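Open the structure in your viewer and keep the selection tool ready. We will go stop by stop.

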Amino acid sequence: MMQLSEHFSLSELTRSDLAARLQIDNTPGPQEIACLKQLAENILEPVRKHYNKPFRPNSGYRCLALNRALKSKDSSQHVKGQAVDIEVPGISNFDLAEWMYQNLQFDQLILECYQPGDPNSGWVHCSFVADQCRQECLTFSDGSFSQGLIG
């Protein structure tokens with residue numbers, strides 16, 4: 001098992017029930033692994049340290065076939081190993097996104113499918129690109145994107 005950082009392994013960032021069901025090989029190449037390592041060190045580890053709670057990413061790397069099976073765009077940063085979707089048990093996804101926005105360097109942060117009043121709804125998508133930290137922050141709800149965090 002390859003460790004990408006102290007608390008996160010390559011297998012955690014490549015696992016996919018859908019890939020297993022569809023028999024899709026979701027193995028990243030060396031370039032994607034290097035990006036996943038940066039993602040683990042710069043996004044996942046600071047979240048783990050701050051909340052002091054173990055969590056498992058919902059979705060990390062997706063090969064193109066898996067990404068297409070999920071009906072996501074070919075340009076998704078998940079395909080490059082630069083994005084992860086997370087939730088931390090016991091933490092509102094809005095609060096998680098807000099902490100990440102205020103404390104991390106990232107390329108894009110999206111609070112996805114969050115429903116106000118339901119702290120466990122949705123998830124937080126975050127990407128990291130070493131030479132491109134745009135600090136773009138969005139909320140995706142009801143099929144459209146809005147600037148900033150909307151809760």
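Strands here are DSSP runs of at least two residues marked E, numbered from the N terminus. This is a predicted model.

**Stop one: a histidine in a strand**

Select His125. His125 sits in strand E3. Is His125 buried or exposed? With a relative accessible area of 6%, His125 is buried, because buried means under 20%.

Now show the side chains around it. Which side chains make polar contacts with that of His125? One is the side chain of His78, at 3.3 Å. Another is the side chain of Asp85, in a polar contact of 3.0 Å.

Setting aside neighbours within four places in sequence, His125 is in contact with His78, Ala83, Val84, Asp85, Gln108, Leu109, Ile110 and Glu112.

**Stop two: aromatic pairs**

How many aromatic pairs does the structure hold? The count is five. We will visit two of them.

Select Phe8 and Phe55. Their ring centres are 5.3 Å apart and their planes meet at 55°. Planes under 30 degrees apart would count as stacked and over 60 as edge-to-face, so this pair is tilted.

Now trace the chain between the two. Phe8 is in the segment before helix H1 (10-14). Phe55 is in the loop between helix H3 (30-51) and helix H4 (64-69). The two residues are 47 residues apart, so this pair links distant parts of the chain. Phe8 is buried, at 1% relative accessible area. Phe55 is buried too, at 8%.

Next, select Phe94 and Tyr114. This aromatic pair is also tilted, with 6.0 Å from centre to centre and 35° between the planes. Where do the partners lie? Phe94 is in helix H5 (residues 93-103), and Tyr114 is in the loop between strand E2 (108-112) and strand E3 (123-127). The pair therefore ties together parts that are 20 residues apart in sequence. Phe94 counts as buried at 18% relative accessibility. Tyr114 is buried at 9%.

**Stop three: cysteines**

A disulfide is a covalent bond between the sulfur atoms of two cysteines. How many disulfides are there here? The count comes to zero.

Select Cys63. The nearest cysteine sulfur belongs to Cys35 and is 16 Å away. Cys63 is in no disulfide, because the sulfur atoms would have to be within 2.5 Å. Cys63 is buried, with a relative accessible area of 10%.

Finish at Cys137. At 8% relative accessibility, Cys137 counts as buried.

Conventions: Residues are numbered from 1 along each chain as its sequence is written. This is a predicted model: local features need pLDDT of at least 70, side-chain atom pairs count only at pLDDT 80 or more; totals for chains, interfaces and linings use all residues. Side-chain values use heavy atoms; hydrogens and water are left out. Rings of Phe, Tyr and Trp (its six-membered ring) pair if their centres lie within 6.5 Å; planes under 30 degrees apart count as stacked, over 60 as edge-to-face and the rest as tilted. Helices (H or I, at least four residues) and strands (E, at least two) are DSSP runs, numbered from the N terminus. Buried means under 20% relative accessible area, exposed over 50%, partly exposed in between (1.4 Å probe, protein chains only). A polar contact is a pair of N or O atoms within 3.5 Å; within protein, one must be able to donate a hydrogen and the other to accept it, and residues adjacent in sequence count only if both atoms are side-chain atoms. Contact means heavy atoms within 4.5 Å.
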